[in-house]
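Dear colleague,

Please find below the structure that I am handing over to you. My notes on what was found in it follow directly after it.

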Amino acid sequence: MPCFLLRSAALLGLLLVASDLPAQNGRYVAPERLGSAGEGVDVTSELQSLIDRCSAAGGGTVFVPPGDYRIGTLLLRDNTFLELSTGATLYGSTDIKDYAEIGASGITALVGSAGAKNVGILGQGTINGHGDAFWRGKKRPYTRPDRLVLLFRSEDIKLRDVTITNSPNWCVDVRECNRAWIDGVTILNERNSPNTDGIDPVSSSNVLISNCYIDTGDDAICPKTRGPRPLENLVVTNCVLRSDDSAIKLGTRSDSDIRNAAFSNIVIRDTQYGIAMFAKDGGAFENIRFQGIHVETTRARDPSRLNRRETYPIFVDVEKRDADSKVGGVRGVVFSDITIDSLEGACLFLGQPESRLQDLRLTNIEFTLHHRNPMADNRKPRGTRSLQDKASNDFSTEAASFVFAHVDGLDLSGLRYSDRSECADHERQIVWGRDVHNVSVRDLSTRHAQPNQRMPALRFEEASAIAVVSCLPGPSATVFVEVDANTERVSLLGNDVTRVAGLYHADRGFDAEQIRVRHNLGH
């Protein structure tokens, strides 16, 4: 397999080839002289020629040794890997004319592939997109490349160990691909850099993302679908994520299904939305698991922001993008072994009357709240600037840390809730639900630095088939469970309510035949 060595000017500008290593099909590649290299000297044509020759010879590795190199668009070819040595940096050109569309994607990028097999970028080097040259001090809409790296309709892709920084737009877009391994990649962008998503798997299959560190000015990992092809078989594990928006965001673009995905062993720090799911374009999100994840939302109010921005450790939403959009759905989603550390955030789970969230399971969730803020002026996230009205399913103003609306099949088990706010104002319910059915709340335990004086721990409205079992609420001057007159078939079994004012309260008009009370301690 040939190995092409791209040398900097300090190393005489020579291309050296390990001539004792035969190329595939028995061919060898002779050394040739390369022009002077450096951040200010463009080497795109020379490097592209090496990639083309490497692929034509049967495949191999184009190796870039230490040095700074300026490039425009590079296109990876079959069976060819670009390897960046430690100390090697490819700088993206600051001239938009140096960027080309990748295949028939309609998308410009610095490095890309189109319809290629067995391709990738390896090594300990860096790709610096010079992104701030396209947006800093400029007004929208920016004239800039669409992506830093775009893998389009390709398969058997490897991105390993490289650092990607200062992107002008999305960093890595894996679009309509099959079998992609992204491992040990570091992505670094300024907090205020616009639209600098970290890794976006789009309508692809069999994508594995592991051991990555992503700190960026937009969503860190953002699966999407465009057109009829689904996104399926996605695994994300062993990552640290920091984001100015969502650390993990499914959608908003979701023309078709996102299914069979697993996210595990992830640390999320200093983010506005920890885990977010925006089903807006008719696709279904199904069979998705989040396990072993620590979520920390933004720890401090930022005085530099003119507009107040609410934080949501977990946000799940079904909403049509516009009147003509199809309604999507969310079903079979599991959150387990999740720790949440939030200054003042809340978790929202919002379906639609015509498309309820189905089979939602939250198991072993530990939620720590540090400050109880007023919520009357909250607005749920919309995921797009085009939607400015208040949504019909916007229940973000409800004073609760877990808000559920339009859900069929909810299992909330092992929630440990700690409210550390020393302020007695702005009480919160722990769980509030409207139009929720087939609900099980088990093994809930609560602690409050300032016990509630007005609000119950749990309230259900227009709900049915509610079971609250084996819970241990902390001290409170209010009842544990409250239901409205339109709620039916409620079971309260085996709860210890010795430290609260009472087991339950029902609004006027509630049918007492609709509640069953058994074996509750203190009732």
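In this predicted model, Phe-290 is in contact (heavy atoms within 4.5 Å) with Ile-248, Leu-250, Phe-263, Ile-275, Met-277, Val-333, Val-334, Phe-335, Ser-336 and Ile-338, its neighbours within four places in sequence being left aside. Phe-290 also belongs to the largest nonpolar core, which has 112 residues. A nonpolar core is here a set of buried Ala, Val, Leu, Ile, Met, Phe, Trp, Tyr and Cys residues joined through side-chain atoms within 4.5 Å; buried means under 20% relative accessible area, exposed over 50%, and partly exposed in between, with a 1.4 Å probe and protein chains only. Together with Val-172, Phe-263, Phe-335, Phe-349, Phe-402 and Phe-480, Phe-290 touches the most other members of this core. Strand E30 contributes the most to this core, namely six residues. Another core, of twelve residues, lies apart from it and includes Tyr-273, Tyr-312, Phe-315 and Ala-405.

As to conventions, residues are numbered from 1 along each chain as its sequence is written, and side-chain values use heavy atoms, with hydrogens and water left out. Because the model is predicted, local features need pLDDT of at least 70 and side-chain atom pairs count only at pLDDT 80 or more, while totals for chains, interfaces and linings use all residues.

For the chain as a whole, two helices and 40 strands are found; these are DSSP runs numbered from the N terminus (helices H or I, at least four residues; strands E, at least two). The C-alpha atoms fill a box of roughly 90 × 45 × 40 Å along the principal axes. Of the 523 residues, 59% are buried. Among contacts with a separation of 6 or more, 75% join residues 24 or more positions apart. The accessible surface comes to about 20,200 Å², and carbon and sulfur atoms account for 46% of that surface; the areas come from the Shrake-Rupley method with a 1.4 Å probe, and for residues only the protein chains shown count as cover.

Strand E31 (residues 400-413) deserves a separate paragraph. Twelve of the 14 residues of E31 are buried. Two strands are said to pair if DSSP finds at least two bridges between them. Ser-413 in E31 is the bridge partner of Thr-363 and stands opposite Arg-442 in E33.

In a regular strand the side chains alternate between the two faces of the sheet. E29 is covered on both faces, with Cys-347 and Phe-349 buried on one side and Leu-348 and Leu-350 buried on the other. E29 also runs parallel to strand E27 (residues 312-318), to which three bridges join it; Val-316 stands opposite Phe-349 there.

Finally, why does Gln-429 count as buried? Gln-429, found in strand E33, counts as buried because its relative accessibility is 6%. Leaving aside neighbours within four places in sequence, Gln-429 is in contact with Ala-399, Ala-400, Ser-401, Met-455, Pro-456, Ala-457 and Arg-459.

With kind regards
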